[in-house]
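Have a look at it first, then read on.

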Amino acid sequence: MAGALARATASAALATRPTVATRQNRARATKAPTRVAASASLRAVGARATSMPSFMGLKKSAALPRFRSLRDSAPAASPRANAVVTAAIAPGRPPYAGGVVDNEQLLEESDACGVGFIASLKGDRTHKTVQDALTALGCMEHRGACSADDDSGDGAGIMTNVPWKLLEKYAAENGIEGFAEGSSGVGMVFLPQDTKQAAKSIEILNAAIEAEGLAVLGWRDVPVDASVVGRMAKDTEPVIKQVLVGGGGATDDELERKLFIARKTAEKTAAGEDAKMPGIAENFYVCTLSSRVIVYKGMLRSVVVRQFYEDLQNEDFVSQFCIYHRRFSTNTVPKWPLAQPMRFLGHNGEINTLQGNLNWMASKEADMTHPVWDGREDELRPICNPAASDSANLDRVAELLVKSGRAPAETMMLLVPEAYRNHPELDATYPEVTDFYDYFAGMQEAWDGPALLVFSDGKKLGCRLDRNGLRPARFWKTSDDYIYVASEVGVLGDVITRAADVVAKGRLGPGMMIVADLEKGTFMENTEIAKEVAASKPYKEWLEDVDVMAAAEPAGEPKLDATQLIQAQAAAGYAAEDVTMIIESMAADGSEPTWSMGDDTPMPVLSGRPHLLYDYFKQRFAQVTNPAIDPLREGLVMSLEMTIGAKGNLLNNDGAKDIPAVSIKSPVLFDEDVDALLAIKGLGAERVAATYAGDGSEGALAKGVDALCAAAEKAVRGGSQCVIISDKDGDKDTPAIPSLLAVGAVHHHLIAVGLRTRASLVVESASAFSTHHVACLVGYGASAVNPWLGLETCRQWRTSSKVEASIKRGKLPNMSVADVQRNFKAALNAGLKKILSKMGISLLTSYHGAQIFECYGVGPELIDKAFKGTVSRIGGLTMDDLAAETEMFASSNFPGEGEMLANVVARGMFQVKPGLEYHANNQEMSKLLHKAVNLGGKGDGDEDAYKLYQAHRNDRPVTSLRDMLEVVSDREPIDVNEVESVADICERFCTGGMSLGAISRECHEAIAIAMNRIGGKSNSGEGGEDTQRFVPIDDADDNGKSATFPHLNGLKNGDVASSAIKQVASGRFGVTTSFLMAADQVEIKVAQGAKPGEGGQLPGKKVSPYIASLRRSKAGVPLISPPPHHDIYSIEDLAQLIYDLHMVNPKAKVSVKLVGQAGIGTVASGVAKANADIIQISGGDGGTGASPLSSIKHAGGPMEMGLVEAHRTLVDNDLRDRVVLRADGGCRSGLDVIQCALMGADEYGFGTVAMIATGCVMARICHTNNCPVGVASQREELRARFPGAPGDLVNFFQFCAQEVRVELARMGYKSLDEIIGRNDLFAQVREQEGLSAPGQPAKTSNLDLSFLTTSSGQGNKSSDRRKMETHGDGRMLDDEILEDADVKKCIESEGTHVIKKEIVNIDRCAGARVAGAVAAKYGDEGFGGSLTLDFEGSAGQSFAAFTVGGMHVRLVGEANDYVCKSMSGGEVSIMPPPASTFNPEDCIIAGNTCLYGATGGKVYMNGRAGERFAVRNSLAEAVVEGTGDHCCEYMTGGCVVSLGRVGRNVGAGMTGGLGYFLDEDDTFASKVNGEIVTMQRVCTAAGEAQLKTLIEAHVEKTGSPKGKAVLADWDASLKKFWQLVPPSEMNTPEAADVVEEAVSASA
Ligand code: SF4
């Protein structure tokens, strides 16, 4: 094992170090290509790389690290790279001076990483601690990434004690006096390369230090080996020096604070110098200035940190602790200062709530004071800086709190609170902890998102995990009193050799913390720490003054008459469908309505009809860099609680006066709740009228908004802590200011005048009736919303004769008027949670004011007034344009003199209605297309009919942004015969991911066959495929019929019904090893167009027995795909999944599907760095499946913007040639293809139109299973009506390709290659500047589409990109195994063989490639031999993923996350080393998300596992000795036995399979999510036999002492087991004969 460690950390090993792994030695001896350790020496690799072939010709076995292969062909210092770096370091952005955050800045940087620490609790300061930390850091290389040169790390570093021994020796040798521990400090400083700027920086820092009464004792050049710095990092490499500071008598905390102020002063002075010396503010950076800690870091790879900083090799560099960090940034040109650790913490994860946190911190800082600063707080502001990363900003806030006297543990608790609601253990045992969290919930919104935070102030060292537990965090303690924490176990490679020394192993669960006191040598775990912190102040007493407002009883009668209602609705902008399809539906069902087929209406700013202001705002959503969370099954971490009132001093809070006076459970208020607020004494709630003079005069709305802001300010200055912005007084002459504009303007005005935290904003809004509307209002500052007209609409609906009649007929339940209002509110609440969850935010307080939206069609005047910082890239509406739309609504309630409205008008936003809003997919279009393709496989298509279809498409009203562009070629036309062929063009066509289940077998297979015929690619969607389809058809007769596929028409021999692209999505339905091996490409669907950030759902009626068999589920049981991929919570997780897929099938390219939104370029860069082969960009309007209406309409940006941004960012960062870009969906004709090509796409996806071409008639009832033509139904009789045949689609695509050829010829170009990325051939269609073009609405006159018409270059390389070989990862452990002659023989001849291997954590996905090789030959369960892989050590992530039948995988040691992911068969057993002294049942042996999406096999773990054990398991059986939260979540089959304690939320969303849980302390019932499952004792012989057999096998395979003990006293043990049974298993022999036992099971 020592050898294995050395191999893993060869790097870490100095060049002279002789020890290398046994396996590596062998490889070298035979000159065979060697699997490259993540930590392999950079120089050595670089030397090998120079003789490697370029990437295009790269052999997969080449010994290259993950990305180096791609860049070998790049010149050492290309002009492009230089240009990029220059742009990155000199962006021309002024230094941040505080105030509202520009969201554009936040979109440029996202990161995620690997992190850990080592510390001696005994207080030993040793050089070994530093060396071990560097070794561990070396084993984290795969969790980080590099710039486009594959050499410049995104960042790596360590934090230690100040190395006094080393520096005191230096001081003595250099005659520096007075430098000593206890009375001095040290600054680690990055200085600009420019000598003048460097000198100025030193001058600035010297002055700042001396101004605090401290002494600059000297400056030390930090010795570095610059030769290990990558090319791009070298361009920005700072000059690194240390400043030695004398304390001038100050010591301890006083000295720390003086050093802190000196640093802040220097930073501000440098920022002030930036105008004179551009760049100095960014390039002068103080890593640390402290008397306790120091940080050594840089834009380095893990493995070269030790080589770069020569100090770290010096034996005199000793430390008691060492935090280490490796960074993966999606930004391709990260900066040296953003490497971590920061000054206080190191962060693995992403802060999803950053925008809100920064805005609120800016609002709060004026009131943040503390006596320790002696009135100098202003010198510490601004606290945050949006140009820095999320980690850096969290660090800034945490550092300030700690320096102001808060304990580090308390600081982390209030900034990153755990999910303390519904926490039985806390409630019962530590209620004071709940009080602590409740108190601070009113003052400090959570910094929420996946986060493993390690931190230290030099005296305390700790680690905190986010409330969802979304990052891995393992810790272990040794008998010599050392404590270790790491993102992964095995980073020291000593699991076997030090087995006897380990006294405990654990993991951090959601919201947990550990802290070591470095002075006292103590170590505390979560509850102890929380209790100590919570007991320090009388929080319970302070909370007694808070008014916890319960929801009032809503009115029992309508308040308006019918005419008044319609007038009010019309004035507020309601359309008839808003009332009937949205409000009434929510009132009736308590949930949002669903719809299908995406949004095919014009964007609001392109529409000829007026829109509510909300419609111009799109919700942002999480993708890749941060995860969506699951509001359905993991809602226990979510909360809509809000507070109303003034917020106090975060630095020095003291009692109830510092927190808001009122607490509410939901931001949706009934009218009566507003009355209650007005009545609360001391709150001083005051209404201000949001109306304006609607006389049509220029600037009238702007004046009204200014008056509103002044009134709100006056109210706050007068002492009101609650300003109620009300539109109730609006009428025809004084229309309501749109609520969103009103609240945004007041919010920003109060920020500007420094009053924002003194009062909350509540909105009475007529126009707010949907979840999106309420989300917008809260997102721009409202603490609560009273949707008074929506509620009145509910009341009127309930009392209407229509509803009365329906209730009498039993068509509706008998609901009271109050009930329907509560339903409406419940629907709004649920929708709000969904909107939060898609951004990965758990708490509404963190969403509040966070402005997590982007605008399409809102001009700068409005943005500056009310939505400062919101991304709005194409301009649009002015204040007067908005007034015109508003007044159109306001005046519409009086259509003519003396006339009254009978009803509000319809606008046709959802359904196609004659004379109303245009829909791109419509019945006329489908008829034309059916004629063109000659629907039914009747031979060739009709060219003339296609021309009619083409004209219908190409002459449509402006619908999407590209309709505002025209192609203006720079060449003369050429003959079409000179243009590339139809066949060549067709190869670039793909169809969208439509699952078998959502659409019928007939349609799915017809599309696949058609795409295979033309050389394009169909996409399986999520749900698996029948293995029958993987074999070419050879029994087609002359009539096009086949006995194998009797349900299809128009078949030919040689047809293949297998989709070339196999989709892997969050549900993992049907993702077996053989499915993946049958793929040409594997698509990771991160987001989908119709509802980005959300999951899918297949209604139970669509889950036919056939569909259920493919998805390994139960017929008739609905299938929910939760929004998060449980193996992608960060960019490095995506990199891991891409790695896994490349491992199992090294031939299949991996694509990542994204949906357009601002910032997608940064995400795409991260995805390219994560080694994807293809990136797909969808628009937010696509999608065919069922989705909530509000999601279809209000989430996701236009495909054009996303595509152009992704292409441009990839080009700018030298990454474009790594990936193929695919525009996904939205194409309907050859013109779309040309437009997408000009915007940068190499390939083109067709979604809905592929369904239409095979028979869809656009009835839009896909989600009902009643599709009249069998396209989207699983009903036999309807499927029999399917009219299509593969030839129909072939005809369509050939017409399309021909259209492309004709257009290319017209443009004078011979191939798509030549025009890809040539945005400069676009011109915006407009009559003249400032005016819209004929046919376009007037409001388009201020649109500026230069974002789309500016060239990004990169022509003529597309074909090369498309021909690239599948990206490789170098040589792997599995490659060694597969080369073993006996293994080969075993697989070939189905023999028996056992192979033994050592394993360390860099050996990721071990066993997967072997599994793929077996599955390719025998399928998932067909292998008749027995191949045993026997491992010893610490397995890297995804151990034994994709294992198939006939494989036996054994691990002695420990494993990380994702063990047995997508396992399809076989057997896996894991046990601790025999020398271990701990009880296995008490210790962690495997990480999070084990068995994710497993479809078969058996697993035995002699130890505990982490969170989400067996999530999505569908057939595997497992025995484990305890798990974290969410065990068996979304399980659809199989069996799980736990012999130890489990966390919360067991069985959430579990629709199949059984669970057995040993409950020795009677706590299990409180952990179960009883929404679906029932718990019962084991009451049948079959159940007992199943349980006992599995435990016996567990003992046999692992020797489990716990298992033996259970079996030894079986009768008594059996009584302590609970059986978890979903309804679908109720009648099975294992679960039947239920003995009822009264248990309240809830989570
Ligand atoms: S015809 Fe079928 S597939 Fe097409 S929209 Fe209607 S229900 Fe959906």
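A disulfide is a covalent bond between the sulfur atoms of two cysteines. Here the term is used for a pair of cysteine sulfur atoms within 2.5 Å, and by this rule the count is zero disulfides.

By the way, this is a predicted model, so local features need pLDDT of at least 70 and side-chain atom pairs count only at pLDDT 80 or more, while totals for chains, interfaces and linings use all residues. Residues are numbered from 1 along each chain as its sequence is written, and side-chain values use heavy atoms, with hydrogens and water left out.

Buried means under 20% relative accessible area, exposed means over 50%, and partly exposed is in between (1.4 Å probe, protein chains only).

| Residue | Relative accessible area | Class |
|---|---|---|
| C1528 | 0% | buried |
| C463 | 0% | buried |
| G155 | 0% | buried |

Where does G155 sit? You'll find G155 in the loop between α7 (127-138) and β2 (156-161). Helices (H or I, at least four residues) and strands (E, at least two) are DSSP runs, numbered from the N terminus. Setting aside neighbours within four places in sequence, G155 is in contact (heavy atoms within 4.5 Å) with G298, M299, L300, H325, R326, R327 and A339. G1024 is 869 residues from G155 along the chain, and their C-alpha atoms are 39 Å apart.

Now for a sheet. Four strands form an open sheet in the order β22-β23-β24-β25, with parallel pairing; two strands pair if DSSP finds at least two bridges between them. At the edges are β22 (686-689) and β25 (782-786), each pairing on one side only. Neighbouring strands in this sheet are turned by 25° against each other on average, direction ignored. Axes are lines fitted to C-alpha atoms, for helices over the stretch in contact, and angles run from 0 to 180 degrees between N-to-C directions.

Strand β24 (residues 760-764) pairs with β25 in the parallel sense over four bridges, and L761 stands opposite A782 in β25. Helix α24 (residues 700-717) packs on the sheet and touches β22 and β23 (722-726). The direction of α24 makes about 165° with that of β22.
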